[in-house]
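Please examine the sequence and the three-dimensional structure shown below.

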Amino acid sequence: AEYMGTNMAGKKKGKKKVAAAPLKVKKAAEPKKVSNPLFEKRPKNFGIGQDIQPKRDLSRFVRWPKYIRLQRQKAVLQQRLKVPPPINQFNQALDRQTASQLFRLMDKYRPETKQQKKQRLKERAEERAKGKGDAPTKRPPVVRAGTNTVTTLVEQKKAQIVLIAHDVDPLELVLHLPALCRKMNVPYCIVKDNARLGRVVHRKTCSTLALTNINPEDKTALNKLTEAVKTNFNERGDEIRRHWGGGIMGNKSQARVAKIEKARAKELAKKMG
C-alpha cells in the first residue's frame, strides 16, 4: 500500500500543463479575384493521346545531311588545328568600305554577256550586208577573270590590281598568287567572296579578277584603291608570314585549362604566403 501511494504521488507530480496556443493574427481578407466568364481556364493535358506538345527547338537533335556535317566539322577543325600563315592569310579579307568601292569600279568594266555579243555581231553582219566597210573595232577595257589568265598577267606585270576570293575550294588553286603578286610588285587583295566576284563576270563563282587597262577618268579612283590595298596586303608581307591561325580550343577545354591554372596559382600563392 505504501508503494502504491508513492507511485500515485509521482504520477500526480509528473503531469505538466501544456501552454495555451498564441492568439492567431487574423490576416486581412484578400479581395477575391473576379474571373471573367468569357475567358475560361482550359488547362492542357499532355498525356498520351491527349493535347499536342508545344513546338520545341530540336535542331541539336536533328540528323543533318552529310554535306552540312562535313562543312561544320571542317569549320571546327580549322579553329582547333594550327593553320600555317600562307593559308591563314585568306581569313583576313579587305574591309567592307574599300571592297564596295573596288566592286563599284569593277562593275564599270564588266565583260559583255553572250546576248550582247550576239547582238553586236548581228549588227556588224547587217552593216557588211549593206556594203559598208568592215572596220575592226578596238577592244574595250574589261575585267580579266580566271586563275590561269590572272597568273599570266601578273607574271607579265600587265595587271594593275588583282582580286582574290577568300573562299576558293580547293585553296591550292590560288595559294601561289599572293606571294607572286608581292614578288612582281602587283597590288593584290583578298575579298569576300567568290560569288561576288562571279557576279562581275556573269558567272556563278570566280576565283580571281584582274584589271589591266582602264579609262582615264577612273585613274584617280584606281590609284586611291591601289594605295589602300598595298598598305593592307603588299606591304604587310613579313607580318602575314609570321601570323599563324587556329589553335582555338572548345569551351570545355578552355574551362578545364582555366581550372588547372587557377589551382596552380592558388598552390603557388600558398607556398609564397
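A salt bridge is a side-chain nitrogen of Lys or Arg within 4 Å of a carboxyl oxygen of Asp or Glu. This is a predicted model, in which local features need pLDDT of at least 70 and side-chain atom pairs count only at pLDDT 80 or more, while totals for chains, interfaces and linings use all residues. Residues are numbered from 1 along each chain as its sequence is written, and side-chain values use heavy atoms, with hydrogens and water left out.

Side chains of opposite charge can pair when their charged atoms come close. By the rule above, the count comes to five salt bridges. One of them joins Lys 108 to Asp 218, with N and O 3.0 Å apart. Lys 108 lies in the loop between helix H4 (96-107) and helix H5 (114-130) and Asp 218 in the loop between S5 and H9, so this pair ties together parts that are 110 residues apart in sequence. Helices (H or I, at least four residues) and strands (E, at least two) are DSSP runs, numbered from the N terminus.

Are these two partners buried or exposed? Buried means under 20% relative accessible area, exposed over 50%, and partly exposed in between (1.4 Å probe, protein chains only). Lys 108 is exposed because its relative accessible area is 57%, whereas Asp 218, at 6%, counts as buried.

Another salt bridge links Glu 112 and Arg 120, at 2.7 Å from N to O. With relative accessible areas of 37% for Glu 112 and 34% for Arg 120, both residues are partly exposed. Glu 239 also forms a salt bridge with Arg 236, their closest N and O atoms being 3.3 Å apart.

The strands may be considered next. Two strands pair if DSSP finds at least two bridges between them. Strand S3 (residues 161-165) pairs with S4 in the parallel sense over four bridges. Within this pairing, Ile 164 has Ile 190 as its bridge partner, and Ala 165 stands opposite Val 191. Four bridges also join S3 to strand S5 (residues 208-211), and these two strands run antiparallel. Here Ile 161 stands opposite Leu 211.

In a regular strand the side chains alternate between the two faces of the sheet. Both faces of S3 are covered: Ile 161, Leu 163 and Ala 165 are buried on one side, and Val 162 and Ile 164 on the other. S4 is likewise covered on both faces, with Tyr 188 and Ile 190 buried on one side and Cys 189 and Val 191 on the other.

Rings of Phe, Tyr and Trp (its six-membered ring) pair if their centres lie within 6.5 Å; planes under 30 degrees apart count as stacked, over 60 as edge-to-face and the rest as tilted. The structure holds one aromatic pair. The ring centres of Tyr 188 and Phe 233 are 5.6 Å apart and their planes meet at 55°, so the pair is tilted. It links distant parts of the chain, since Tyr 188 is in strand S4 (residues 188-191) and Phe 233 is in the loop between helix H9 (219-232) and helix H10 (237-242), 45 residues apart. Both Tyr 188 and Phe 233 are buried.

A ring also takes part in a contact with a charge. Arg 72 lies over the face of Trp 64, at 4.6 Å from the ring centre; such a charge must have NZ of Lys or CZ of Arg within 6 Å of the ring centre and within 35 degrees of the ring normal.
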